[in-house]
Amino acid sequence: MKKPVGEQELSVLRYVAEHGPATVGEVAERFGEAQGLARSTILTVMERLRQKGYLTRRKVDGVFQYASPVPEGELLRGVVDDFVQRTLSGSLSPFAAYLSEAEDVSDAELAQLQDVVARLRSKKKKKD
């Protein structure tokens, strides 16, 4: 299991997963400046993510390009799974309770949740 990522790491990781492969300079300019993060901070975060196995790098024309080895959707599923396992002790009940009280759920998100429930019910019926 990979080491968990912090909030700042997750932000950088999501950016690279969506826009990569990218150099530290590109991420610092296009993402870091808007966040008030120096190039050195971006480098530190990206190297930490690489050491944890969340980013890969390869040299292209003398400059390292970083990329996520998995698509953003798969990456986020892993982060959510890690959160559920570590923070919620594997229980989805607190997460479901949180969702039931959320006031800003869009129609599209509600449709996605209904689709998830339908798929879970279908899987459960197949097991029974």
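So, H6 gives the most to the lining of the largest pocket, with 8 residues. Helices and strands here are DSSP runs numbered from the N terminus (helices are H or I with at least four residues, strands E with at least two). H6 covers 107-127, and helix H4 (72-87) and helix H5 (93-101) join H6 in each supplying at least two residues of that lining.

Before I go on: this is a predicted model, where local features need pLDDT of at least 70, side-chain atom pairs count only at pLDDT 80 or more, and totals for chains, interfaces and linings use all residues. Residues are numbered from 1 along each chain as its sequence is written, and side-chain values use heavy atoms, with hydrogens and water left out.

Back to the pocket. A pocket is an open set of points on a 1 Å grid over the protein atoms alone, where a 1.4 Å probe fits, with protein on both sides within 12 Å along at least five of seven lines; lining residues have an atom within 4 Å of a point. The largest pocket has a volume of about 1,300 Å³, volume being the space filled by probe spheres set on the points, which are joined across faces, edges and corners. There are 24 lining residues, and closest to the centre are Val80, Phe95, Leu99, Leu113 and Val116. By class the lining has 16 nonpolar, 1 polar and 7 charged residues. For those classes, Ala, Val, Leu, Ile, Met, Phe, Trp, Tyr, Cys and Pro count as nonpolar, Asp, Glu, Lys and Arg as charged, and the others, Gly among them, as polar.

The second largest pocket comes in at about 340 Å³. Its lining has 18 residues, with Tyr54, Leu75, Gly78, Val79 and Asp82 nearest the centre. Here H4 gives the most, with 9 residues, and the lining divides into 9 nonpolar, 3 polar and 6 charged. H1 also supplies at least two residues.

That brings me to H1. How do the axes of H1 and H3 cross? Helix H1 (residues 7-19) and helix H3 (residues 39-52) cross at roughly 85°, with their axes coming within 10 Å. Axes are lines fitted to C-alpha atoms, for helices over the stretch in contact, and angles run from 0 to 180 degrees between N-to-C directions. H1 and H3 are therefore roughly perpendicular, a label for 65 to 115 degrees, with under 35 roughly parallel, over 145 roughly antiparallel and the rest oblique. Contact means heavy atoms within 4.5 Å. On the H1 side the contact includes Val12, Leu13 and Val16, and on the H3 side Ile42, Val45 and Leu49 are among the residues.

H1 also meets helix H2 (residues 24-35): the axes come within 11 Å and cross at roughly 115°. Ser11, Val12, Tyr15 and Val16 of H1 touch Val27, Arg30 and Phe31 of H2.

Now the loops. Pro21 sits in the loop between H1 and H2, and a cis peptide bond joins Gly20 to Pro21, with omega about 0°. Asp61, in the loop between strand S1 (56-60) and strand S2 (63-67), has phi near 50°, a positive value in a residue other than glycine.

Last one: Gln65, in strand S2. Leaving aside neighbours within four places in sequence, Gln65 contacts Pro21, Ala22, Thr23, Thr56, Arg57, Arg58 and Val60.
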